[in-house]
Amino acid sequence: LPFYNCVIDAYVRCGCGSEVFSVLEDMRREGFEANIRTYNTVLKYFTRTGQKHKALSLLDEMLAFNILPNEVTRNLLVSARANNSEW
């Protein structure tokens, strides 16, 4: 899982959205479940690209899998709100 998280983070940093989701799908297909770091990294992509609805859907998915938001999750959402009035 750490390998997948690193690759996802690298794609988020370069703004390569389709690759983010491709790696996420590969990870799941290989039997790895996303953890809080995985979700926060994908959430970072959504918040940086202004995809509010996808970010909130991802938050709902986290909760459905009993993965509770942490300080990083909160900071990403607060930062997105502070930087974009549409949040």
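These legends accompany close-up views of a predicted model.

The model's local features need pLDDT of at least 70, side-chain atom pairs count only at pLDDT 80 or more, and totals for chains, interfaces and linings use all residues. Residues are numbered from 1 along each chain as its sequence is written, and side-chain values use heavy atoms, with hydrogens and water left out.

**View A. Helix α3 and its surroundings.** Let's start with α3, which has 13 residues and reaches 18 Å from its first C-alpha to its last, close to the 18 Å expected at 1.5 Å a residue (the expected span is 1.5 Å times one less than the number of residues). Helices here are DSSP runs of H or I with at least four residues, numbered from the N terminus. Because 10 of its 13 residues are buried, α3 is largely enclosed by the rest of the structure; buried means under 20% relative accessible area, exposed over 50%, and partly exposed in between, with a 1.4 Å probe and protein chains only. Among the buried residues are Thr38, Asn40, Leu43 and Lys44. Their cover includes α1 (2-13), α2, α4 and α5, judged by contact, that is, heavy atoms within 4.5 Å.

**View B. Helix α2 against helix α3.** The axes of α2 (residues 17-29) and α3 come within 11 Å and cross at roughly 160 degrees. Therefore α2 is roughly antiparallel to α3, a label for angles over 145 degrees. Axes are lines fitted to C-alpha atoms over the stretch in contact, and angles run from 0 to 180 degrees between N-to-C directions. On the α2 side you will find Gly17, Val20, Phe21, Leu24, Met27 and Arg28, which meet Thr38, Tyr39, Val42, Tyr45 and Phe46 of α3. By class, this contact of α2 with α3 has eight nonpolar, two polar and one charged residues (Ala, Val, Leu, Ile, Met, Phe, Trp, Tyr, Cys and Pro count as nonpolar, Asp, Glu, Lys and Arg as charged, and the others, Gly among them, as polar).

**View C. Asn40 within α3.** Asn40 lies in helix α3 (residues 36-48) and is buried, with a relative accessible area of 6%. Leaving aside neighbours within four places in sequence, Asn40 is in contact with Asn70, Val72, Thr73 and Leu76.

**View D. Asn66 in a loop.** Asn66 is found between α4 (52-64) and α5 (71-83), and counts as exposed at 67% relative accessibility. Do look at the backbone here: phi of Asn66 is near 60 degrees, a positive value in a residue other than glycine. Most residues other than glycine have a negative phi.

How values were computed: Helix = DSSP H or I, 4+ residues; strand = E, 2+ residues; numbered from the N terminus. Parallel < 35°, antiparallel > 145°, perpendicular 65-115°, else oblique.
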